[in-house]
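Please keep the structure open beside the text while you go through the points.

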Amino acid sequence: MSKTRLSYRYSLAFKQKVVSEIEAGKYSLSQARRIYDIHGAGTLYRWLRQLGKGHLIEKIVKVEMKDEKDKLKELTQKNRELESALAQAHLKLLMHESLLASVEAHYQVDLKKTFGSTASNVRSSRSKRKA
């Protein structure tokens, strides 16, 4: 025993009438489905997309002057240059930190603690500690 599947076809005028009533707020989607006996869960959504006024609201139209467009390109280019400069500075910082760590390991000195103090200050502080 095989079941035959029914295929419903609706006229364009009927679709437009249902869509206009939904958009006017006369019926909700579920009410319209019940009242007009519309089968298929996505049928009304498809009709609203195709025939409704909602498609006009979703579009964004951007109007700009030529100099605004050029300014946007200029700012985008400047942004790329600044990001590149930041990346270069970060790499340079990493290189200096690794060089500093290498020197500290080789000479077994903590340069961060002794940086800025002169040799005489270091000697005088050592002699004060001994005394």
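1. The side chains of Lys 26 and Glu 21 meet in a salt bridge, at 4.0 Å from N to O; the term stands for a side-chain nitrogen of Lys or Arg within 4 Å of a carboxyl oxygen of Asp or Glu. This is a predicted model, in which local features need pLDDT of at least 70 and side-chain atom pairs count only at pLDDT 80 or more, while totals for chains, interfaces and linings use all residues. Residues are numbered from 1 along each chain as its sequence is written, and side-chain values use heavy atoms, with hydrogens and water left out.

2. Glu 21 also takes part in a salt bridge with Lys 17, where the closest N and O atoms are 3.6 Å apart, and in this way Lys 17, Glu 21 and Lys 26 are linked in a network. Lys 17 and Glu 21 are separated by about one helical turn, because they stand four residues apart in helix α1 (residues 12-24); helices are DSSP runs of H or I with at least four residues, numbered from the N terminus.

3. Glu 21 is buried at 11% relative accessible area, whereas Lys 17 is partly exposed at 40% and Lys 26 is exposed at 54%. Buried means under 20%, exposed over 50%, and partly exposed in between, for a 1.4 Å probe and protein chains only.

4. A search of the whole structure finds three salt bridges, and one of them joins Lys 66 to Asp 70 at 3.9 Å, N to O. Both residues lie in helix α5, four residues apart, or about one turn; Lys 66 is exposed at 64%, and Asp 70 is partly exposed at 38%.

Terms used:
Helix = DSSP H or I, 4+ residues; strand = E, 2+ residues; numbered from the N terminus.
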